[in-house]
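Please look over the structure below. A short report on its parts follows.

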Amino acid sequence: MLYLASQSPRRAELLTRLGCRFGTLELDLPEHRQPGEPAADYVSRVAREKAGAGLLRVVATPGAVVLGADTEVVLDDEVFGKPADADDAAAMLLRLSGRTHEVISVVWLVSAERELHALSRSRVTFMPLDEDDIAGYLATGEAMGKAGAYGIQGHAEQFVSRLDGSYSGVMGLPLHETARLLKAFGVTK
């Protein structure tokens, strides 16, 4: 049985696109980057911690496999997590305006017997945003609860002038890498 260690509706939607049946596990783990920790290592560690915490919940289930994922926006080696409030979201969007940032998404699959992971890196370029663009986007409510204060699958898609990488990875679950992991794990054919 496959379990998604996330309550993210975006991740669940994306995983469903792969034709997988799965259960979801609600977890509340702290996400704090350690001093000097490279951004990609941080994202991988958080995804692995989610998968591991999920596995502890279902380890008694025969054949349990847990998928943990994390996605973060990185600009100038600063990780932009979820905004604390509207002002924080506006500040993030202003910093992303007219610049190219990286979106790192890592997926871990773990079971009692083994574990595998994959990393997806995408480069996203935003058009220059003015105050009206930012205020209008914040009014949609989409900025909250999303790394970097935006969801590419929503109204912020209009801000993206260039994407080099995985659209689904920027959404929160890189489907190409995830499909390969599921196949290697024997979850799908």
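## Helix H2

Helix H2 is mostly covered, with 14 of its 20 residues buried. Buried means under 20% relative accessible area, exposed means over 50%, and partly exposed is in between (1.4 Å probe, protein chains only). Helices (H or I, at least four residues) and strands (E, at least two) are DSSP runs, numbered from the N terminus.

The length of H2 fits expectation: at 1.5 Å a residue its 20 residues should span 28 Å, and the end C-alpha atoms are 29 Å apart, which agrees. The expected span is 1.5 Å times one less than the number of residues in the helix.

## Basis of the model

This is a predicted model, in which local features need pLDDT of at least 70 and side-chain atom pairs count only at pLDDT 80 or more, while totals for chains, interfaces and linings use all residues. Residues are numbered from 1 along each chain as its sequence is written, and side-chain values use heavy atoms, with hydrogens and water left out.

## The largest pocket

The largest pocket has a volume of about 700 Å³. Its lining holds 34 residues. Arg 11, Glu 31, Lys 50, Asp 70 and Lys 82 lie nearest its centre. Helix H1 (9-17), helix H2 (39-58), strand S3 (65-75) and helix H5 (167-171) each give two or more residues to this lining. S3 gives the most, with 4 residues. By class, the lining has 14 nonpolar, 9 polar and 11 charged residues. Here Ala, Val, Leu, Ile, Met, Phe, Trp, Tyr, Cys and Pro count as nonpolar, Asp, Glu, Lys and Arg as charged, and the others, Gly among them, as polar.

A pocket is an open set of points on a 1 Å grid over the protein atoms alone, where a 1.4 Å probe fits, with protein on both sides within 12 Å along at least five of seven lines; lining residues have an atom within 4 Å of a point. Points are joined across faces, edges and corners, and the volume is the space filled by probe spheres set on them.

## Salt bridges

How many salt bridges does a search of the whole structure find? It finds 10. Each is a side-chain nitrogen of Lys or Arg within 4 Å of a carboxyl oxygen of Asp or Glu. One of them joins Arg 17 and Glu 13 (2.6 Å, N to O). Both residues lie in helix H1, 4 residues apart, about one turn of the helix. Glu 13 is partly exposed, at 39% relative accessible area.

Arg 99 bridges to Asp 76, with the closest N and O atoms 3.0 Å apart. This pair links distant parts of the chain, 23 residues apart. Arg 99 sits in the loop between helix H3 (86-96) and strand S5 (100-110), and Asp 76 in the loop between S3 and strand S4 (78-80). Arg 99 is partly exposed at 32%, whereas Asp 76 is exposed at 55%. Arg 95 and Glu 78 also form a salt bridge, at 2.7 Å between the closest N and O atoms. Arg 95 lies in helix H3 and Glu 78 in strand S4, so the pair ties together parts 17 residues apart in sequence. Elsewhere, salt bridges that share partners join Glu 31, Lys 50 and Asp 70 into one network.

## Strand pairing

S5 and strand S6 (residues 115-126) pair in the antiparallel sense over 11 bridges. They form a hairpin with 4 residues between them. Two strands pair if DSSP finds at least two bridges between them.

S6 also pairs with strand S7 (residues 160-164), in the antiparallel sense over 4 bridges. Val 124 in S6 stands opposite His 101. In S7, the bridge partner of Val 124 is Leu 163.
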